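Q: Please take me through this model one feature at a time. Start with the idea I need for reading a sheet.

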Amino acid sequence: MKIVIADDYQDCVRDLDAFKQLEGHDVSIYHDTLTDLDALSKRFQDAEALVLIRERTPITAALLERLPNLKVISQTGGGAAHVDIAACRRHGITVMAGTGSPYAAAELTWGLVLAAMRHIPAEVENLKAGRWQRTLGTGLKGRTLGIFGYGKIGSLVARYGQAFEMKVLVWGREGTRQRAAEAGIEVAKNQTDLFQRADVLSLHLRLNDDTRGIVSAESLAQMKPTSLLVNTSRAQLVAPGALEEALKAGRPGQAAIDVFDTEPLLADSLLEQPNLVATPHLGYVEKDSYELYFGNAFSNLLAYIADQPINNLAR
């Protein structure tokens, strides 16, 4: 089968143990992301199968119209909101979802917390430039960790906070509040209470119509001037432009983010803010995580090729 793997930024997929599953197939791997419809359709023209790396390339109805050879899409990770499922059905294209692990993203979240609170990136650069001890960091013990969304990743981050002897405060949907209470974690009175009390506030919500822009400019203005906002979930949880303006206003005092409205992002005024620590969407970009993501995606694809029953169709 002619298989195309898109958006392998690091050129690492061919070096994964999981890649051995595709021996004997005609595999093309691309390392850049295209957004132009003509260029994308030309790149995918001969593909019978697409393996997608998370949401890096949207698969639209207009694109599918130009891909007459495409039979199947195998998604790394469980989400497929970037794929027009209805259009795939019309064209007879099977879409399979994958699975993932919360650990890499949770660990990256905590790395950002430590990096921002102790000014680690700035002090690394200071030392390289011959400057010694230019900042005063803030410890975590005894401070309040706010968790907005207590799912698989949020619950792990809460445990990390407890290991650092932080007070943990949770808010979210009813299920989130119930799970937190059952775990013996304090539930905030409401969203305002969460934003006002948190010294570190970490977002762990799924992006959907209800959560898009749920963190408004007003919400950010309620945060302490000494607080840190962390977002390793989705940039669109925050209202457009609100974070940059909030950082300029000093509430919150800092932000640490791993996600952006447009990706890949190579230049933006948000990145110029001195009270921002930012990484290029590294949450799931880790060796064990990639082996799991791609191993599952490739296994699904081989099951499709072998005409075996498919239990993990994307909905």
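A: Two strands pair if DSSP finds at least two bridges between them. Helices (H or I, at least four residues) and strands (E, at least two) are DSSP runs, numbered from the N terminus. This is a predicted model: local features need pLDDT of at least 70, side-chain atom pairs count only at pLDDT 80 or more, and totals for chains, interfaces and linings use all residues. Residues are numbered from 1 along each chain as its sequence is written, and side-chain values use heavy atoms, leaving out hydrogens and water. Now a case: Leu 229 stands opposite Ala 255 in β11.

Q: How many bridges pair β10 and β11?

A: There are 4, and the two strands run in the parallel sense. β10 also pairs with β9, again parallel and over 4 bridges. There, Leu 201 has Leu 229 as its bridge partner.

Q: In what order do the strands form the open sheet?

A: The general idea comes before the order. Strands of a sheet pair through backbone hydrogen bonds, either parallel or antiparallel. Here 7 strands line up as β8-β7-β6-β9-β10-β11-β12, with parallel pairing. β8 (186-187) and β12 (276-278) are at the edges; each has a single partner strand, so one side of each lacks a neighbour in the sheet. Further in, β6 (residues 144-148) pairs with β9 over 4 bridges, in the parallel sense. Ile 147 stands opposite Ser 202 of β9.

Q: Which strands pair with β1?

A: Two partners are listed for this strand. β1 (residues 2-5) runs parallel to β2 (residues 26-29), joined by 4 bridges. β1 also pairs with β3 (residues 49-53), in the parallel sense over 3 bridges.

Q: Which residues of β10 are buried on each side?

A: In a regular strand the side chains alternate between the two faces of the sheet. "Buried" means under 20% relative accessible area, "exposed" over 50%, "partly exposed" in between (1.4 Å probe, protein chains only). In β10 (residues 228-231), Leu 228 and Val 230 are buried on one side, and Leu 229 and Asn 231 on the other. Both faces of this strand are covered.

Q: How many residues are in the largest nonpolar core?

A: Nonpolar side chains tend to be buried together in soluble globular proteins. A nonpolar core is a set of buried Ala, Val, Leu, Ile, Met, Phe, Trp, Tyr and Cys residues joined through side-chain atoms within 4.5 Å. The largest one here has 26 residues, and Phe 148, Leu 194, Leu 201, Leu 220 and Leu 243 have the most contacts inside it. At least two residues each come from β7 (167-171), α8 (191-197), β9 (200-203), α10 (242-249) and β11 (254-257). α10 gives the most, with 4 residues. A second, separate core holds 25 residues, including Ala 106, Leu 108, Met 166 and Val 200.

Q: What does Leu 220 touch?

A: Contact means heavy atoms within 4.5 Å. Setting aside residues up to four places away in sequence, Leu 220 touches Phe 195, Val 215, Leu 229, Val 238, Ala 242, Leu 243, Ala 246, Arg 251 and Pro 252. Pro 252 has a further feature. The peptide bond from Arg 251 to Pro 252 is cis, with omega near 0°. Pro 252 sits in the loop between α10 and β11.

Q: Which other peptide bond is cis?

A: The bond from Glu 263 to Pro 264 is cis, with omega near -5°. Pro 264 lies in the loop between β11 and β12.

Q: Is Leu 67 buried or exposed?

A: Leu 67 is buried, at 4% relative accessibility. Look for it in the loop between α2 (61-64) and β4 (72-76). Apart from neighbours within four places in sequence, Leu 67 contacts Ser 41, Phe 44 and Gln 45.

Q: What is the phi of Asp 11?

A: Phi is positive there, about 55°, although Asp 11 is not a glycine. This residue lies in the loop between β1 and β2 and is partly exposed, at 33% relative accessibility. Asp 307 also has a positive phi, near 60°. Asp 307 follows α11 (287-305) and is exposed, with 69% relative accessible area.
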